[in-house]
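Here is a short briefing for a reader new to this model. Keep the sequence and the 3D view open while you read.

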Amino acid sequence: MTLVDTRTPDKKRLISGSTGDWEVIIGMEVHAQVTSESKLFSGSSTAFGNPPNANVSFVDAAMPGMLPTINEECVRQAVRTGLGLKAKINKRSVFDRKNYFYPDLPQGYQISQFKDPIVGEGVVLLDVDGERIEIGVERLHLEQDAGKSIHDQHPNMSYVDLNRSGVALMEIVSKPDLRSSEEAKTYLSKLRTILRYLGTCDGNMEQGSMRADVNVSVRRPGGEFGTRCEIKNVNSIRFAGQAIEYEARRQIDILEDGGSIDQETRLYDPKTGETRSMRSKEEAHDYRYFPDPDLLPLEFDDAFVAKLAEGLPELPDEKQARFISDYGVTAYDAMVLTLDRETADYYEACVAHGGTKRDGKAVANILNGDVAAFANSQGLAVWETHLKPAQIAGLVDLIAGGTISSKGGKDVLQIMIAEEPEGEPAEIVERRGLKQVTDLGAIEKIVDDIIAANPDQVEKVKAKPTMIGWFVGQAMKASGGKANPQALNDLMKSKLGIE
């Protein structure tokens, strides 16, 4: 890959050193397990959690005479992903043998794609600190995963589990366009969201179905690219950020002490928060790529791609734009509401429940506020809580109709969260006497009593009208929070002679 500088140095993203500022350059190689019931070149199951070596066929075990057969669904999934990344789809690609000899790869080589990948250049859009950033994707290629060597089950032997061997992976390679650990974490999160929307990878990093190799280098702002180090197999977005922070600082310290960076592969240890050397470039394998003689070039036509494009779902960027234009939510609200398809669907179900379109901003405020706080406390997403769209819609309707105030709405929501999980908002309000007081006669008596009891404050508010909030607060307290705030404010101004 030819390195091209696409970014102007941003002071907010620079790292301070003892001899001046430094800029971190980050590229990602994300390995995403393809959502498919069988492996890339065999019919073995891809189910997670099966007993060791339960998902192994003669092809996976590399028995003599066994030949690979391409899984067409994995090809479809790779093309869908390429379309979701706004990338070039290569209608002709080639599978290559990448030769290395590990016990968890029985063939002695990995079937991958080298010079001719199935997907070419694409883009991922990030929203960071209110700024839209474009991160280039260099390529996406299909390849087999390796098995797993297990070293802690026996004092003298290592075990091998081949369940994962031959599972289809998409390796998604970014350009070196990322400039901070925050951007890198946002990139991984956005990429995972896109894959989940498409249904091409479940993105479960804790199960190893999505993991990242993180390339990190540092340079003086706008200078020549530095020597990079690769941090292998990072399986957490949080760990990726921590690894980048540590590695950038490690390289800066070496350079400021007059040293040089060795190009090497490193591992991140989340227990110590440090990276450590795994192997140097000099020790790296010569993979001796060559086209796999058992597999013909992979070729398809425009009609194949067009049919897959027709079936794509609405993706996060398009959904965010629609939420902003159709529902009047902020860009931040739209981003939060579209982090996963289920939350977006839940939000729209709340807005449109019963065939009535509600104020989208009012619904977003409730979901991204108190409902999100409750969901986070339970380790759940908003849509996974017991609160049904009908309950949220009913609550918004009561507030919009003036039956309860915004504060009253919070009270009703807490009742549905903690006391009446199946409760219907209107019934709760009626049964518990939470209706907002809109009777001007009742409100007027409260206002008169407060004005009569506080002559000094009356003089102050007449001199400084902005102090009317004190009177409104006292009146709301006296009404038990049930008075209509707008009616109360208007009446208070009238009584005090304030415009």
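Strand E2 spans residues 20-33 and is mostly covered. Of its 14 residues, 12 are buried. The model is predicted.

**Strand E2 and its partners**

- E2 pairs with strand E1, residues 15-17, in the antiparallel sense. Three bridges join E1 and E2.
- E1 and E2 make a hairpin, with two residues between them.
- Gly-17 has Gly-20 of E2 as its bridge partner.
- Strand E11, residues 210-219, also pairs with E2. This pairing is antiparallel and runs over 10 bridges.
- Val-24 has its bridge partner in E11, at Val-218.
- Strand E10, residues 168-174, is joined to E2 by five bridges. E2 and E10 run antiparallel.
- Met-170 in E10 stands opposite Ala-32.
- In a regular strand, side chains alternate between the two faces of the sheet.

**A three-stranded sheet**

- An open sheet is formed by three strands in the order E5-E4-E15. Its pairing is antiparallel.
- Which strands lie at the edges? They are E5 (109-112) and E15 (290-291), and each pairs on one side only.
- Strand E4, residues 96-99, pairs with E5 over four bridges. The two strands are antiparallel.
- Asp-96 has Ser-112 in E5 as its bridge partner.

**A nonpolar surface patch**

- Phe-58, Met-63 and Met-66 form a nonpolar patch on the surface. Together they have about 310 Å² of accessible area.
- Met-66 belongs to the loop between E2 and helix H1 (72-84).
- Is Met-66 buried, partly exposed or exposed? Its relative accessible area is 37%, so Met-66 is partly exposed.

**Aromatic pairs**

- How many aromatic pairs are there? The count comes to nine.
- Phe-239 and Tyr-268 are both buried.
- Phe-323 and Tyr-347 also form a tilted pair. Here the distance is 5.2 Å centre to centre, and the planes are 50 degrees apart.
- Phe-323 sits in helix H5 (residues 316-327) and Tyr-347 in helix H7 (residues 341-352), so the pair links parts that are 24 residues apart in sequence.
- Phe-323 counts as buried because its relative accessibility is 0%. Tyr-347 is buried too, with a relative accessible area of 0%.
- Ring pairs also link a cluster made of Tyr-100, Phe-114, Tyr-287 and Tyr-289.

**Arginines over rings**

- Arg-219 lies over the face of Phe-225. The distance from the ring centre is 4.9 Å.
- Which ring face does Arg-220 lie over? Arg-220 lies over Trp-22, at 3.8 Å from the ring centre.

Definitions and conventions. Residues are numbered from 1 along each chain as its sequence is written. This is a predicted model: local features need pLDDT of at least 70, side-chain atom pairs count only at pLDDT 80 or more; totals for chains, interfaces and linings use all residues. Side-chain values use heavy atoms; hydrogens and water are left out. Buried means under 20% relative accessible area, exposed over 50%, partly exposed in between (1.4 Å probe, protein chains only). Two strands pair if DSSP finds at least two bridges between them. Patches are made of residues with over 30% relative accessible area and no salt bridge: like charges are joined within 9 Å, nonpolar side chains (Val, Leu, Ile, Met, Phe, Trp, Tyr) within 5 Å. Accessible areas come from the Shrake-Rupley method with a 1.4 Å probe; for residues, only the protein chains shown count as cover. A salt bridge is a side-chain nitrogen of Lys or Arg within 4 Å of a carboxyl oxygen of Asp or Glu. Rings of Phe, Tyr and Trp (its six-membered ring) pair if their centres lie within 6.5 Å; planes under 30 degrees apart count as stacked, over 60 as edge-to-face and the rest as tilted. A charge sits over a ring if NZ of Lys or CZ of Arg is within 6 Å of the ring centre and within 35 degrees of the ring normal.
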